[in-house]
Amino acid sequence: MAEKTLDCLGEACPVPLVKTQKAMESMAVGDVLIVNIDHSCAMKNIPDWARSVGHVVEIEEVAEGEWNIIIQKMK
Amino acid sequence: MSEKKKYQFHELYLKKEWSYQTGAVLLALFSLALVIVTGKSWGVTGPLGMWGGWILSKLGIAVDTWAGFKATPVASYDIWKDLPALTNIGIVVGALLAVLLAAQFKIKKLKSIKNLWAAILGGLLMGIGARISLGCNIGAFFTALPAFSLHGWIFWISIFSGAAVGSKLLVKYFM
């Protein structure tokens with residue numbers, strides 16, 4: 001089970017979502033992707049997308065206005 | 001008691017993002033209220049154009065001789081009488097308040113020089129486009145729909161097709 005971090009700090013929509021989708025393509029089932037974001041819209045559209053395709057998502061607030069979205073690839 | 005339980009009101013109403021449905025209903029209500037209270041159609045870039053003209057006039061440039069400022073000269077511009085301009089200031093103050101109440105305020109670092117250029121060029125193009133078409137997504141859409149104006153729907157179709165093409169270009173050339 002690999003773990004990968006994707007730095008999207010300072011990026012605005014839809015860049016974090018597109019980067020996340022690309023990164024997920026190259027990962028195996030069971031792998032975990034941690035996306036660092038500081039754009040609040042990405043806190044909605046990334047989990048919305050990931051859940052809609054069936055991945056497990058968790059959001060962690062790491063600082064004021066900064067989050068980690070933890071996605072485990074399920075299929 | 002956990003922190004979340006203790007500050008339940010804060011967590012539910014100020015911190016957690018509202019649903020798209022809640023947002024849509026509130027936007028529609030406030031859009032209507034704005035017309036009732038101010039009696040004006042709100043546009044963002046109209047006042048921004050006036051502010052730009054005002055700054056240029058302070059720098060000694062005679063903008064009032066330009067065609068764009070013929071109808072509303074900068075010399076007689078009074079921001080306190082420009083209700084759409086005050087709404088613009090209100091929306092910035094309101095957004096700041098919301099993000100502070102949610103404890104999510106952050107000054108973002110610039111990721112790269114490429115992003116800086118994209119922001120400057122994007123802003124310029126948006127500004128020019130919005131002024132030539134006499135309105136942005138507020139004046140041409142948000143204000144138009146509650147007034148049952150056809151131009152709002154035409155704008156809606158156009159901006160969606162533009163955004164669709166734009167995102168394809170973004171993915172292809174910018175990432």
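Trainee: In the hairpin of β3(A) and β4(A), what is phi of A:Gly65 in the turn?
Mentor: Strands here are DSSP runs of E, at least two residues, and helices are runs of H or I, at least four, numbered from the N terminus. β3(A) and β4(A) form a hairpin with 2 residues between them. A:Gly65 is in that turn, and its positive phi is about 75°.

Trainee: What pLDDT do local features need in this model?
Mentor: Residues are numbered from 1 along each chain as its sequence is written, chains are lettered from A and ligands numbered from 1 in the order in which they are written, and side-chain values use heavy atoms, with hydrogens and water left out. This is a predicted model: totals for chains, interfaces and linings use all residues, side-chain atom pairs count only at pLDDT 80 or more, and local features need pLDDT of at least 70.

Trainee: Which residue of β4(A) is the bridge partner of A:Val56?
Mentor: Two strands pair if DSSP finds at least two bridges between them. β3(A) and β4(A) run antiparallel, joined by 7 bridges. In β4(A), the partner of A:Val56 is A:Gln72.

Trainee: Which strands of chain A stand at the edges of the sheet?
Mentor: The open sheet has 4 strands in the order β1-β2-β4-β3, with mixed pairing. An edge strand has a single partner strand, so one of its sides is left without a neighbour in the sheet. The two edge strands are β1 (3–7) and β3 (56–63).

Trainee: What is the average twist from one strand to the next?
Mentor: Angles run from 0 to 180 degrees between N-to-C directions, and axes are lines fitted to C-alpha atoms, for helices over the stretch in contact. In this sheet of 4 strands, the twist averages 20°.

Trainee: Which residue in β4(A) stands opposite A:Leu33?
Mentor: β2(A) and β4(A) pair over 6 bridges, in the antiparallel sense. The residue opposite A:Leu33 is A:Ile71.

Trainee: At what angle does α2(A) run to β4(A)?
Mentor: Contact means heavy atoms within 4.5 Å. α2(A) lies across β2, β3 and β4 (66–72) of chain A. To β4(A), the angle is about 5°.

Trainee: Why are α1(A) and α2(A) called roughly parallel?
Mentor: Angles under 35 degrees count as roughly parallel, over 145 as roughly antiparallel, 65 to 115 as roughly perpendicular and the rest as oblique. Helix α1 (15–25) and helix α2 (42–52) of chain A have axes 9 Å apart and pack at about 30°. That angle makes the pair roughly parallel.

Trainee: How many nonpolar residues are in the contact of α1(A) with α2(A)?
Mentor: On α1(A) the contact includes A:Leu17 and A:Met24, and on α2(A) it includes A:Ile46 and A:Trp49. Ala, Val, Leu, Ile, Met, Phe, Trp, Tyr, Cys and Pro count as nonpolar, Asp, Glu, Lys and Arg as charged, and the others, Gly among them, as polar. The contact has no charged residues and 3 polar ones, and the nonpolar count is 6.

Trainee: How are α4(B) and α5(B) oriented to each other?
Mentor: The axes of α4 (45–58) and α5 (83–101) of chain B come within 8 Å and cross at roughly 95°. B:Pro47, B:Leu48 and B:Trp51 of α4(B) meet residues of α5(B) including B:Pro84 and B:Ile89. The two helices are therefore roughly perpendicular.

Trainee: How much area do chain B and chain A bury between them?
Mentor: Buried area is the accessible area (1.4 Å probe) that two parts lose on being put together, summed over both. Here 15 residues of chain B are in contact with 20 of chain A. Carbon and sulfur atoms hold 53% of the buried area, which is about 1500 Å².

Trainee: What is omega of the cis peptide bond joining A:Cys13 and A:Pro14?
Mentor: A:Pro14 is in the loop between β1 and α1 of chain A. Omega of the cis bond is about -5°.
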